[in-house]
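Student: I would like to learn how to read the packing of helices and sheets in a model such as this one. Could we take one feature at a time, with the general idea first and the particular case after it?

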Amino acid sequence: MSGFSILSTAKAVPEKVVTNDDLAKIMDTSDEWITRRTGIKTRYIANEETTTSLCTNVAEKLLQRARVDVSEIDFIIVGTMSSDYQTPSTAAAVQGLIGATNAVAFDINAACSGFVFGLDILNSLLNQKVESKGILIGGETLSKMIDWNDRSTAVLFGDGAGGVLVSNQGSGQILSKDLKTYGDKGSSLTAGHMSKTDKNADIYFHMDGRAVYDFATHSVPASIKRAADAAKLDLKDIDYFVLHQANARIIKSVSRKLGISIDRFPININHYGNTAAASEPILLEELTQHGTITRGNIVALSGFGGGLTTGTVILKY
């Protein structure tokens, strides 16, 4: 079986930082209210930046850090629910901007599970060749989909991108996966409703917060357990659990339900907010750059959200 070795990680965020106190100036909220309910203190909001520019920045950093020539890239996948155009895809735009003429490029939209779904897709594609490399990026500019008059959603989301450059050579390996879609629950979290005939159509986020919270706190631990069982691992064998950064309370609940110390569940939502498909790779980049995650570590990455979806991939780094 081919390997799945992450050669480099990278992230990119907009210049503009918006604090909870900034939001309190334009809506009925406070730093204390937001922090207690979500764990968020600040988030990055795009001004001049776009989903394409953030993802391109990540791709360029990945190549530079891995010392890989762009001609060696066979695949570029971008997980996003906030692409700049319906077509061309963000991945195609990135491919053109970095000159990756040998790469097949396409987007996937699995919302906040997009990066984890992408890991499984990229692994399958890399297995088709003896030696192959690919780039996977999660990138979002969710601020353009936010109704800034809706306190229930406006305080949650941020913009950014993160990604990995992967080779099928080396000691890394995807050990197991657990991917699920719950389409019957999809109305709990929607965005980007476009219609010529429905006068109520709009582009903004709409979320049943309680339903999504209950879904995540029940479905995510179950997904991680199924993935661990498939890999024939005890949960205690997993060094780090890199979860989608939707809400600090959700992550702490998953930790309790799995009976694993919160120390193994890194959290950075306080700085970035919920960046959907970008949240896991942004966190992964920070953990690898700081030397927290190193070669040989067993890492569970788990995404959850719109669809509704859950996705867990366990890999040997």
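Predicted model: local features only at pLDDT ≥ 70, side-chain atom pairs only at ≥ 80, totals over all residues.

Student: Which residues of helix 3 and helix 4 meet?

Tutor: From helix 3 come Thr51, Thr52, Cys55, Thr56, Ala59, Glu60 and Leu63, and they meet Thr90, Ala93, Val94, Leu97 and Ile98 of helix 4. Sorted by class, this contact of helix 3 with helix 4 holds seven nonpolar, four polar and one charged residues.

Student: How should I go about reading a sheet?

Tutor: Strands of a sheet pair through backbone hydrogen bonds, either parallel or antiparallel. In this model, five strands make up an open sheet with the order 1-7-6-4-5, and the pairing is mixed. Strand 1 (5-12) and strand 5 (104-108) stand at the edges with a single partner strand each, so one side of each has no neighbour in the sheet. From one strand to the next, the twist averages 15 degrees.

Student: How many bridges join strand 1 to strand 7, and what is the bridge partner of alanine 12?

Tutor: Strand 1 and strand 7 (residues 159-167) run antiparallel and are joined by seven bridges. Alanine 12 has alanine 161 in strand 7 as its bridge partner, while serine 5 is bridged to serine 167 of strand 7.

Student: Is strand 1 mostly covered or mostly open, and which helices lie on this sheet?

Tutor: Strand 1 is mostly covered, since six of its eight residues are buried. Helix 3 (residues 51-66) packs on the sheet, where it touches strand 1, strand 4 (75-79), strand 6 (133-141) and strand 7, and its direction makes about 140 degrees with that of strand 1. Helix 10 (residues 279-289) lies across strand 1, strand 6 and strand 7, and runs at about 110 degrees to strand 1.

Student: What does alanine 66 touch?

Tutor: Alanine 66 is found in helix 3, and, if residues up to four places away in sequence are not counted, alanine 66 touches Leu7, Ser8 and Leu165. Alanine 66 and isoleucine 6 are 60 residues apart in sequence, yet 9.3 Å apart in space from C-alpha to C-alpha.

Student: What is the strand order in the open sheet of four strands?

Tutor: That open sheet has the order 8-13-12-11, and its pairing is mixed. Its edge strands are strand 8 and strand 11 (240-243), each of which pairs on one side only. Direction ignored, neighbouring strands of this sheet are turned by 15 degrees against each other on average.

Student: Which strands are joined to strand 13 by bridges?

Tutor: Strand 8 (residues 173-181) is joined to strand 13 by eight bridges, and the two run antiparallel; serine 176 has isoleucine 314 in strand 13 as its bridge partner. Strand 12 (residues 298-305) also runs antiparallel to strand 13, and eight bridges join them, with serine 302 standing opposite threonine 312. Strand 12 and strand 13 form a hairpin with three residues between them, and glycine 307 in its turn has a positive phi of about 140 degrees. Strand 13 (residues 309-316) is mostly covered, with seven of its eight residues buried.

Student: Which helices lie across strand 8, strand 12 and strand 13?

Tutor: Helix 5 lies across strand 8, strand 12 and strand 13, and runs at about 125 degrees to strand 8. Helix 7 (residues 209-230) lies across strand 8, strand 11, strand 12 and strand 13, and runs at about 35 degrees to strand 13.

Student: Where does isoleucine 121 lie, and with which residues is it in contact?

Tutor: Isoleucine 121 lies in helix 5 (residues 114-126) and, leaving aside neighbours within four places in sequence, is in contact with Ile77, Phe106 and Ile108. With a relative accessible area of 28%, isoleucine 121 is partly exposed.

Note on methods
Residues numbered from 1 in each chain as written. Heavy atoms only, no water. Buried < 20%, exposed > 50% of the residue type's maximum accessible area, 1.4 Å probe, protein only. Contact = heavy atoms within 4.5 Å. Pairing = 2+ DSSP bridges. Axes fitted to C-alpha atoms, helices over the stretch in contact; angles between N-to-C directions. Nonpolar A, V, L, I, M, F, W, Y, C, P; charged D, E, K, R; others polar.
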